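Subject: Structure handover

Hello,

Please find the structure below. My notes on the contact between the chains and on some salt bridges follow it.

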Number of protein chains: 2
Amino acid sequence: MIRRYDFGTPIPTDAVVVPVPVGEGSLPHMVTATRGGALSFTVSLGEHDMIFGLGESVRGINKRGFRYRAWNTDDPSLHEGRECLYASHNLLIFSGTCGLFGAYFDDPGNVVFDLGYTDSDKAVITSPEGNISVYLIEEDSLKGIVHAFRGIIGQSYLPPKWAFGYIQSRWGYASEEEIRTIVREHRTRHIPLDSVSMDIDYMERFKDFTWNQNNFADLKKLTGDMGKEHIRLVPIIDAGVKQEQGYDVCDEGLAKGYFCLKADGKPFVGAVWPGHSYFPDFLRPEVRAWFGRQYFKLLDAGIEGFWNDMNEPALFYSEETLQEAIELAESCKGKNLGVEECFHLKDVFQQTANNMEDYRRFYHVVDGKNIRHDRVHNLYGYNMTRAAAEGFQAYQADKRYLLFSRSSYVGAHRYGGVWQGDNCSWWSHILLNLKQLPSLNMCGFLFNGADLGGFGQNTTEDLLLRWLQLGVFTPLMRNHSAQHTRDQEIYRFRRSEDMRRVLTVRYALLPYLYSEFMKAALTDEMLFRPLAFDYPADDVACRTEDQVMLGGECMIAPVYEQNARGRHVYLPEDMLMVRFHSAEDYDLLPMSAGHHWVALELNEFPLFIRRGVMIPLSRGAEWVDAVDSRTLTLLGWDCGHAEYAFYDDDGQSKDAKLEGHVYALRVDAPTEGFALDGSKLIHGEGRD
Amino acid sequence: MIRRYDFGTPIPTDAVVVPVPVGEGSLPHMVTATRGGALSFTVSLGEHDMIFGLGESVRGINKRGFRYRAWNTDDPSLHEGRECLYASHNLLIFSGTCGLFGAYFDDPGNVVFDLGYTDSDKAVITSPEGNISVYLIEEDSLKGIVHAFRGIIGQSYLPPKWAFGYIQSRWGYASEEEIRTIVREHRTRHIPLDSVSMDIDYMERFKDFTWNQNNFADLKKLTGDMGKEHIRLVPIIDAGVKQEQGYDVCDEGLAKGYFCLKADGKPFVGAVWPGHSYFPDFLRPEVRAWFGRQYFKLLDAGIEGFWNDMNEPALFYSEETLQEAIELAESCKGKNLGVEECFHLKDVFQQTANNMEDYRRFYHVVDGKNIRHDRVHNLYGYNMTRAAAEGFQAYQADKRYLLFSRSSYVGAHRYGGVWQGDNCSWWSHILLNLKQLPSLNMCGFLFNGADLGGFGQNTTEDLLLRWLQLGVFTPLMRNHSAQHTRDQEIYRFRRSEDMRRVLTVRYALLPYLYSEFMKAALTDEMLFRPLAFDYPADDVACRTEDQVMLGGECMIAPVYEQNARGRHVYLPEDMLMVRFHSAEDYDLLPMSAGHHWVALELNEFPLFIRRGVMIPLSRGAEWVDAVDSRTLTLLGWDCGHAEYAFYDDDGQSKDAKLEGHVYALRVDAPTEGFALDGSKLIHGEGRD
């Protein structure tokens, strides 16, 4: 049961799209208090109570013990001391003596979640202005709470099937020649590949919806040629529009008044990649419609997918902050600066980026009223994504496009996926990637993945290999790296064959992963779940945070430590371990519930299948469209008369539904671990 | 066997103090090559080869897979992407198909260790100028290599016994009243405490060897009063000497020419806490003697221990770098800065600190010759520590003083301990603390510990509690935190009683920890060892990096994950788990070799004792001097006729030795896990 409790004058966010009855009386489970203009909600915690949620954030799946903030921020240093990352997903789920309930805090401003941080037995959530809708969700299980929440925020975004293919990306691909080379290097070595994503380098001086006329002279021809190679190009679009007379997007945006304005009525200018830029007011439907139409230029050139970036929005500086810093520096000239003064000077320069004062300088128009940006900050990236999705809908209503965004808020999950922001080539970010999977799923973001190999800093061969072994299971599987870091394409490495083999498993699993993804999306379920959700009575499972459940049948447990040659795995029930070297080469080891140490060489990684069920494995391919989802091998253990409900569709129609697309794969299997060649089975019930 | 191979003109470092024969022919195991002026040493690595060493550095105990640099750096962000920390300890130990050998790279400049980072099957060590002595150590075991290396670098520093007591510290203790309050809060609550360490706030405007005449009016009376409470005060000394006419240390240093000079013959000025400061040339014996005498001022006031800080040396800025930055800012005024220009401007301001150009601006005098600082950078903190130790020796030759430093180089281990630098209140830093213990031990630094609870950022109750549970076992056990972070004294927390109980274990274990420390120091052994050192034939043990061996009898395995209620532990042999709540309250669980999951509530932590041996446990106390090391309980399992070689001494004499100080504790024990009240045993063989 879900009820809504409004406080003050909540700002409409469209996070929730299903009418929710207003609760009677005071908000249960929490003590509400005002402090100055802020409003706080306090939950008393028992010693062993757990808290889930918060989507894209640092630390554990159990969020207890830290203070988080909802403030979408462009800062790539994703260490455990960071209160906010690129996205804000304000769902909490409490479990324990405090009760079993979820609470969604719908306030697009700077909400603070002190979850047993200041006081270990209290969770205190504070809305800065007290204008907030709290949705209280009471169900009899953790899964049930998520399912109910997902029911009110609308169906998750459906990507095209090809988006589940491997994507190669890098900030720095500067010409069509370079892209053709990268594709060729993959194809000649039989490294599977479906897409190349293009960072800002393809644009003409970082202007959205342009492409460099020298290095990408004929984009349409390029997309056509790539199409013959079964490769899609996925260009980036940034939030800021370059300030440049004669640049149509700038001119038109200015003429129509589509950019965010300052209090003096002039457009706000902030510097991002193109230099001085304007920021479309994506919160206005007419601005979204206009911005969405800009994508047509690239769609007309054969593009079928995009990533939206810099949409927190990131601000490198504003003229105001930079000039203030410069003036402060001038005033220090020739002085014997004290340490405090010197630190202050440095801080002022550092804080020219993403400066809170800048976020207070400009306004949006919501329902005809001006609203200062900082009050709706976390809606910005969400509505940029929405603009794109609404544009695609206008362009071709019945087709799915790939779309993923850096910044988001609940609601954005209906329009696109996310990547987990600008990470680093750190081992701890493999684990962060894993832990964010179920948390993002709780908030509706099913299509997501991290920059495999790490975006910032130099990767190493072993790090990329281990990270790919996790990426095999994430819906978005993209290898992405930053300018000036080590080249990170698989074929650059001595162990590229091991990496290629990892990708063969991705493509072999593709029918299963797509099936589980689509079923989860269409039924408001999670593709990835904490073990706590499936085994709430198992104390060890509840506290296990380096393994997650995948779909209805599986559990994953990646190696995330450098130089490790295995790992500890906890099995909450009997499971079959599939230890993969490649799609063709794997061991099957039935294992009993309990603690195990599993040996895993650098080129080995495990998938665990629950006893009594089975999963399909295709014969793989080098691109998604070539995967034969009708010739399947079935993996399982002890599943006599087992059945797998296999979802499949054309991979592109927008009106996806379960009816008519679920096929029962049946097997009368021996009790030992097995891999049955499915060619015998696939034409069974429901198929063809 | 150890041989020395000299290349170019090695700079004398006094790291090695025992003559080592020069090797004949070329350096074995490595391929030597020159590149420009640099000299590189390449070791070819087999897939499973491991590399140990590097003392204080990030990442694993097995250092393979990253690029490290020897460049002592004041930067508190200790994430896994950091190439260099506060100290440089250039020992590597290789094990595998590449051979079994150690190599000490004695070059105090910017040596780079690319250990399978660029190329996963090569370790490449590069000396920037090719002036280096390489000591090649060949023994038949990992332990043997360390023992041999320790044999040539001289006996590790011996702290007084009281230094093993709990130390409370904070940047911000600003008056004697505050210190008296802190002591009182501990004593009234029976929280054990031996010392309070004083950060820069006690000084008069951050001037070394002064104290604030308002807030610490009578330091001698304070140390006397504290002495009655069995508390020692441990003040900080910084490397930089404030530039101030009339300040005797400054005046005398200038008059005698003791500060580092620039090429133009004028003293180099850099800004640190006191503002503009001079930097004593600690590499000169006469400067060390002079600086060492300055400590007498505090020794005369009853001080018996110090910590040396900021001795990388840290530089907040120099006038040169700051003015260059300001001029660059001026030149940007009113311009429409491009993004690159803006980033450059910010970078220039950021890089005013610890700027490489500044480290090239000043000189040391070594053997009468000027040598530019960057060539001997890593010797600076080492020789500041040496200056202090030589001062103590001059002050009272037969007494041990507490001394620990932030920056160090091999050689400094003879003069003092280290703390593991300015860390953060991060869970990952508990694990970093653990992993650095054996690595520091390899390089001679036995007396070390991290800032428990974390220095930067706010701690949380659970983090401090878990970190104390590791700190129980580290020789230096100090709770330290930064200004403007949350108060971190134990009594501030709701679970302070749990924390107090953790400390009771420290004091109960003190006789054992002191005994094992002293035996290790006096015999050139390690107090903490990687499991790989004790179980080299056990592949799982070799790759286990979140457990370490302690002394001859034990293994530790702390919980380092937030919200965990237990952990996986690998036992390479049968062991007795002692699960501590407090010194009086613990469970004994005999466990068989293999993998285990151990339940550990927030207030529980384990110690593992090998089968067939035993350790002594005292009845504890609230300060070290009150610990009765003659009334001992013995913990063990299956050790009929077992014996523990118990070292004890007066805790302060400098001429410590094994002879006459080792007592055989004997027991005829039952085979089950046992705790025998030692009052029956202690007067056995060798004691009294």
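A residue is called buried when its relative accessible area is under 20%, exposed when it is over 50%, and partly exposed in between (1.4 Å probe, protein chains only). This is a predicted model, in which local features need pLDDT of at least 70, side-chain atom pairs count only at pLDDT 80 or more, and totals for chains, interfaces and linings use all residues. Residues are numbered from 1 along each chain as its sequence is written, chains are lettered from A in the order in which they are written, and side-chain values use heavy atoms, without hydrogens and water.

Salt bridges within the chains

A salt bridge here is a side-chain nitrogen of Lys or Arg within 4 Å of a carboxyl oxygen of Asp or Glu. Over all chains, the structure holds 121 of them.

Asp451(B) and Arg478(B) form one, at 3.1 Å from N to O. Asp451(B) is in strand 27 (residues 451-452) and Arg478(B) in strand 28 (residues 477-479) of chain B, so the pair ties together parts 27 residues apart in sequence. Strands are DSSP runs of E with at least two residues, helices are runs of H or I with at least four, and both are numbered from the N terminus. Asp451(B) is buried at 0% relative accessibility, and Arg478(B) is buried at 0% too.

Lys228(B) and Asp225(B) pair at 3.5 Å between the closest N and O atoms. Both lie in helix 3 (residues 219-228) of chain B, three residues apart, which is about one turn of the helix. Lys228(B) is exposed, at 65%, whereas Asp225(B) is buried, at 15%.

In chain A, a network of salt bridges links Glu176(A), Glu177(A), Arg180(A), Lys221(A), Asp225(A) and Lys228(A).

The contact between the chains

How many residues does each chain give to the contact? Chain B gives 65 residues and chain A gives 65 residues, where contact means heavy atoms within 4.5 Å. The area buried between chain B and chain A is about 5900 Å², and carbon and sulfur atoms give 51% of it. Buried area is the accessible area (1.4 Å probe) that two parts lose on being put together, summed over both.

Eight salt bridges cross this interface. One of the pairs between chain B and chain A is Arg494(B) with Asp121(A), whose closest N and O atoms are 3.6 Å apart.

Regards
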